[in-house]
Amino acid sequence: MSTDMKFLVVDDFSTMRRIVRGLLKEIGYNNVEEAEDGVEALNMLKNAKFDFVVSDINMPNMTGFELLKAIKDDPNLKHLPVLMVTAEARKEDIVLAAQTGAAGYIVKPFTKATLEEKVQKIMQKLAAAA
């Protein structure tokens, strides 16, 4: 597992971004940048190389689903794993996330162990597919 992977954490709440960033650091990922909505995130993804996106679903300007769709529709970005974060585990959200191409799904509040397990699972899947 490569620890120099570059993560982009997308959430409209700075506190949540800080929490996720802190958890990623504890797991061993120190290369983490933040965006406060899908619009900013997409801009950053188009202008720099990232390896992994952790995005909230409910955000102003551009939701996590809209961001996910934009990533999957872009030939240069569609390989990126996107882990969706939400406050409520609604079945239709989980289905939509999977259909749109999300790599995984995590419900807040979550622990370091849960996040680590999700990220590792996604990385293993990607490695197997490569």
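By salt bridge I mean a side-chain nitrogen of Lys or Arg within 4 Å of a carboxyl oxygen of Asp or Glu. Asp 51 is partly exposed at 23% relative accessibility, and Lys 49 is exposed at 62%. Here buried means under 20% relative accessible area, exposed means over 50%, and partly exposed lies in between, using a 1.4 Å probe and protein chains only.

A quick word on what you are looking at. This is a predicted model, where local features need pLDDT of at least 70, side-chain atom pairs count only at pLDDT 80 or more, and totals for chains, interfaces and linings use all residues. Residues are numbered from 1 along each chain as its sequence is written, and side-chain values use heavy atoms, with hydrogens and water left out.

How many salt bridges does a search of the whole structure find? There are 11. One of them joins Glu 34 to Arg 17, with the closest N and O atoms 2.9 Å apart. That pair links distant parts of the chain, since Glu 34 belongs to strand 2 and Arg 17 to helix 1 (residues 14–27), 17 residues apart. Helices (H or I, at least four residues) and strands (E, at least two) are DSSP runs, numbered from the N terminus. Glu 34 is partly exposed, at 22% relative accessible area, whereas Arg 17 is buried at 11%.

Further along, Glu 92 and Arg 90 meet through their side chains in a salt bridge, 3.4 Å from N to O. Arg 90 is partly exposed, with a relative accessible area of 36%. A network of salt bridges links Glu 88, Arg 90, Glu 92 and Asp 93.

Strand 1 (residues 7–10) and strand 3 (residues 52–56) run parallel, joined by 4 bridges. Phe 7 has Phe 52 in strand 3 as its bridge partner.

Finally, the rings. Rings of Phe, Tyr and Trp (its six-membered ring) pair if their centres lie within 6.5 Å; planes under 30 degrees apart count as stacked, over 60 as edge-to-face and the rest as tilted. The count comes to 2 aromatic pairs. One of them, Phe 7 with Tyr 29, is tilted, at 4.6 Å centre to centre and 50° between the planes. Phe 7 lies in strand 1 and Tyr 29 in the loop between helix 1 and strand 2, 22 residues apart. Are these two buried or exposed? Phe 7 is buried at 0% relative accessible area, and Tyr 29 is buried at 1%. Phe 7, Tyr 29 and Phe 52 form one aromatic cluster.

Key:
Two strands pair if DSSP finds at least two bridges between them.
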